[in-house]
Amino acid sequence: MQRGEFLSTPVEYLKGVGPQRAELLRKELGIANFGDLLHHFPFRYIDRSKFYRISELNDDMPYVQLKGRISKITAHGGKRITRLSATFSDGTGHLELVWFQGIRWIKDSLKPDLDYVVFGKPGVFNGRLNMVHPELEEAARMEQLSGPSLAGIYSTTEKCKAKGLDSKGLQKLMRTLVAMVPQHLRDTLPDSIRAAHGLLSRRDALVGIHQPPDESRLSLATHRLKFEELFFIQLRLLRAKSERSEALRGKPVPKIGDFFNRFYEHHLPFALTGAQKRVLKEIRLDMGSGKQMNRLLQGDVGSGKTIVALLCMLMVLDNGMQACLMAPTEILAQQHFQSLAAMLENTGVRIGLLTGSTRAAQRRQLLSDLEQGELQILVGTHALIEDRVRFKNIGLVVIDEQHRFGVEQRARLWKKDEDVPHVLVMTATPIPRTLAMTLYGDLDTSVIDELPPGRKPIRTLHKTEANRLSVNGFIRDEIGKGRQVYIVYPLIDESEKMDYANLVSGFEGICRDFPPPQYRVCIVHGKMKSEEKDLAMQMFKSGTSNIMVATTVIEVGVNVPNASIMIIESAERFGLSQLHQLRGRVGRGAEQSYCVLMTGEKLGNDARKRMRTMCETNDGFRIAEVDLELRGPGDITGTQQSGVLDLRIASLARDQQILEEARSAAAKLVELDPKLIQPANAVLMERLSEMDRADANYSRIS
Ligand code: ADP
Ligand code: MG
């Protein structure tokens, strides 16, 4: 059989499919051909030899298999039947089986005095165990079906189910298809890589994932497919990186001059930590190498990334070029501008701020100074990437992001100039290594893994409404000692009326509980005008106000060292990385700081784990790992757009080791054969072009 022919055969030619089901498979599950169907992997397996007893069941269980009899079939809903139920018993108890669809057909085919095997997820309704839309098989027929005892369970949709393409239906198709897979299916990985990593052939893996004879074969098949998936992502990233470093010359930053040296000697507000020095050296070497730098700077909240960015900008200034810093929000841009401007006082460096709310006249002046080269550092928001913003000679772009800048936005920044500037991306919160390798796999990485000295670890407590009075008492005590307090309300969606109502009533309550003149409460939220926000921030910064009620607008960047208490209301509604970010607003001064997580009494398992994790650790990397574990990468802000997260089988939370292996295999390959011209690597090229065709604008930065 010709290469590719088998896998690209339209799925309607499979026995049991036909035009109607083919259309459904394509529309509902994105399956157009044999290859697509083979890559619709089971999401779990059920051990066919294992039967549960009804008496063992509870509604926390995943899918289970039971054996028993059906009695008392009841149709509900009068003339038009809307629901069918049946009682299922196995001698240890009863369970209600429920159908909302395909009712007539099921009603006619159920036979009351036969043994059935049912399969589904147990649930509870009105205090009674039930199972909605279970899969049913006559026990006698089940026994005839020889085959592996591990049966794949497939995800499907309601529309597919209605046409018999439930998990069982898909299983049946897979059985037919797997039997047809040619013995010599062309592999996507060269033999050398398979041998080096002990991987099954592609054919064996595809067969094994659908019909594993046993656990160990299943795990080999899974391993091979995960490896392959991660390997190609890494190969792509590393090839992009290598191509870029060939094609782009970096703007030369050969020397360290007066700007840097004078600042370092006379204006540096503190001694750098060892980690800051190390990272600075990495960046200096990179920018001095003659190549264009693309570097990710990771560091926990408060680890001191800003000063590192500033020193890098000064290096670039020393070589006659300009630099800019782009922040994800207006508040953060202002904050950066203020702290940089303060540090740059009396250094002769000219710095400007450009945001959406910069006035027209000021903007004109700024833009003209920039083009003339009068302005050396520009801080701003998205406004920086507008076409009107032209630098005389931009040498370094620093992006302080919370995964908020998309690929295209970064790419646009680059196009501002013929020659490409160096790029330093700073993450606002740590991200797990696997995610960093995947999202930023085409960048080099520097990590600040040390906090400035003298920080007292923040103490985190979890409290509920029942503790409200004592929490208020605690706030009064701390304010009595001269400290300041943040109280944060969730405002997940700016348009959510409820959230605003909560914020406003919370604010009013706090004003009552903490009356003037002793207490002065200010408020900041996203719907305020930027002058109003500024005013409130200013009041808090100067200590005029000692309680700031806010939404997550204060999440990033706000720096008030005297604020030592962070109260987070409805903390269960926040994700871990957000909680960690918020907590990072305190613990910046010399005093002991506290973070209080207020939640309702009843919490789900995940929320409980989030609170526990926050109370247990201050380590942002650890928190990021738990976050990834709980939510998966797709739910972590900003990753959706990246395109690398439609992983079919590998998991960035669980498969770190395979990812490391796949990355090092890809790195070795790119080093030896960057253009993949060796005959043995032709298969890789084919697969890569296939991927390119599949999504033409994958390329992150080009
Ligand atoms: P982040 O990495 O979260 O952006 P920042 O750059 O805002 O952190 O730094 C947090 C705080 O720590 C700032 O107040 C900064 O002035 C201070 N800081 C940074 N580096 C040091 C250092 N080496 N020694 C003492 N304080 C430092
Ligand atoms: Mg910062």
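1. Aromatic pairs. This predicted model holds 9 aromatic pairs. Rings of Phe, Tyr and Trp (its six-membered ring) pair if their centres lie within 6.5 Å; planes under 30 degrees apart count as stacked, over 60 as edge-to-face and the rest as tilted. One of the pairs joins phenylalanine 43 and tyrosine 63. Their centres are 6.4 Å apart, and the planes make an angle of 70°, hence edge-to-face. The two residues are 20 residues apart and belong to distant parts of the chain. Phenylalanine 43 is in the loop between helix H2 (34-38) and strand E1 (44-47). Tyrosine 63 is in the loop between E1 and strand E2 (64-76). Helices (H or I, at least four residues) and strands (E, at least two) are DSSP runs, numbered from the N terminus.

2. Phenylalanine 43 is partly exposed at 44% relative accessible area, and tyrosine 63 is partly exposed at 32%. The classes are buried under 20%, exposed over 50% and partly exposed in between (1.4 Å probe, protein chains only).

3. Charges over rings. The cut-offs are NZ of Lys or CZ of Arg within 6 Å of the ring centre and within 35 degrees of the ring normal. Lysine 67 places its charged end over the ring of phenylalanine 51, 4.8 Å from the centre.

4. Cysteines. The whole structure has 0 disulfides (cysteine sulfur pairs within 2.5 Å). For cysteine 324, the closest cysteine sulfur is in cysteine 312, 13 Å away and too far for a bond. Cysteine 324 is buried, at 0% relative accessibility. Cysteine 522 is in no disulfide either; its nearest cysteine sulfur, in cysteine 511, is 9.7 Å away. Cysteine 522 is buried too, at 5%.

5. Threonine 551. This residue is in the loop between strand E20 (547-550) and strand E21 (563-568). Threonine 551 is buried, with 1% relative accessible area. Beyond neighbours within four places in sequence, its contacts (heavy atoms within 4.5 Å) include Val488, Tyr489, Leu491 and Leu503. Val524, His525 and Gly526 are also among them.

6. Domains. An automatic or database assignment gives domain 1 (50-148), domain 2 (258-448) and domain 3 (459-617). The C-alpha centres of domain 1 and domain 3 are 50 Å apart.

7. Conventions. Residues are numbered from 1 along each chain as its sequence is written, chains are lettered from A and ligands numbered from 1 in the order in which they are written. Local features need pLDDT of at least 70, side-chain atom pairs count only at pLDDT 80 or more, and totals for chains, interfaces and linings use all residues, while side-chain values use heavy atoms, with hydrogens and water left out.
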